[in-house]
Amino acid sequence: MEETVRIVGVRFKRAGKIYYFAPGELPVAVGDEVLVETAAGIECGEVVIPPKDVPVSDVVQPVRKVLRHMEDADREQLRANRASELEAQAFAAERIAARGLPMQ
């Protein structure tokens with residue numbers, strides 16, 4: 001019998017691509033907000049495919065982990081990060097315009 005791995009599908013953006021992560025023993029369900037380990041660091045996403053066991057050969061390795069469910073502090077940090085991102089975009093647009101650079 002082929003070895004299997006338990007995975008869940010997580011999406012980072014509303015209509016974004018689905019990525020697969022190993023929930024381990026963490027109970028997760030569709031709609032849960034979770035923190036996951038990615039190549040770019042820790043990211044937050046929403047579980048969109050429930051846990052299922054799939055053959056190891058069907059999964060792109062390495063399968064990274066679901067670290068934990070998001071907490072209120074995580075949501076607040078996410079809001080703060082998004083606000084900072086908008087400020088940075090506005091500042092960059094202002095500097096580009098001030099210097100007359102051919103950029104959008």
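Colleague: How do the residues of the lining of the largest pocket divide into nonpolar, polar and charged?

Modeller: Please bear in mind that this is a predicted model. The lining of the largest pocket comprises 11 nonpolar, two polar and four charged residues.

Colleague: Which residues lie nearest the centre of the largest pocket?

Modeller: Of the 17 residues that line the largest pocket, Tyr19, Tyr20, Val60, Pro62 and Val63 lie nearest its centre. The space in this pocket amounts to about 330 Å³.

Colleague: Which strand gives the most to the lining of the largest pocket?

Modeller: Strand 2 gives the most, with four residues. Strand 2 and strand 4 (41–55) each supply at least two residues of that lining.

Colleague: How should I read the pairing of strands in a sheet?

Modeller: In general, strands of a sheet pair through backbone hydrogen bonds, and the pairing is either parallel or antiparallel. In this model, five strands form an open sheet in the order 2-1-4-3-5, with antiparallel pairing. Strand 2 (18–21) and strand 5 (66–69) are the edge strands, each pairing on one side only. On average, neighbouring strands of this sheet are turned by 45° against each other, direction ignored.

Colleague: How many bridges join strand 1 to strand 2?

Modeller: Four bridges join strand 1 (residues 4–11) to strand 2, and the two run antiparallel. Within this part of the sheet, Gly9 stands opposite Tyr20 in strand 2. Tyr20 is also one of the residues that lie nearest the centre of the largest pocket.

How values were computed:
Residues numbered from 1 in each chain as written. Predicted model: local features only at pLDDT ≥ 70, side-chain atom pairs only at ≥ 80, totals over all residues. Heavy atoms only, no water. Pairing = 2+ DSSP bridges. Axes fitted to C-alpha atoms, helices over the stretch in contact; angles between N-to-C directions. 1 Å grid on protein atoms, 1.4 Å probe; cavity = no way out; pocket = protein on both sides within 12 Å on 5 of 7 lines; lining within 4 Å. Points joined across faces, edges and corners; volume = space filled by probe spheres on them. Nonpolar A, V, L, I, M, F, W, Y, C, P; charged D, E, K, R; others polar.
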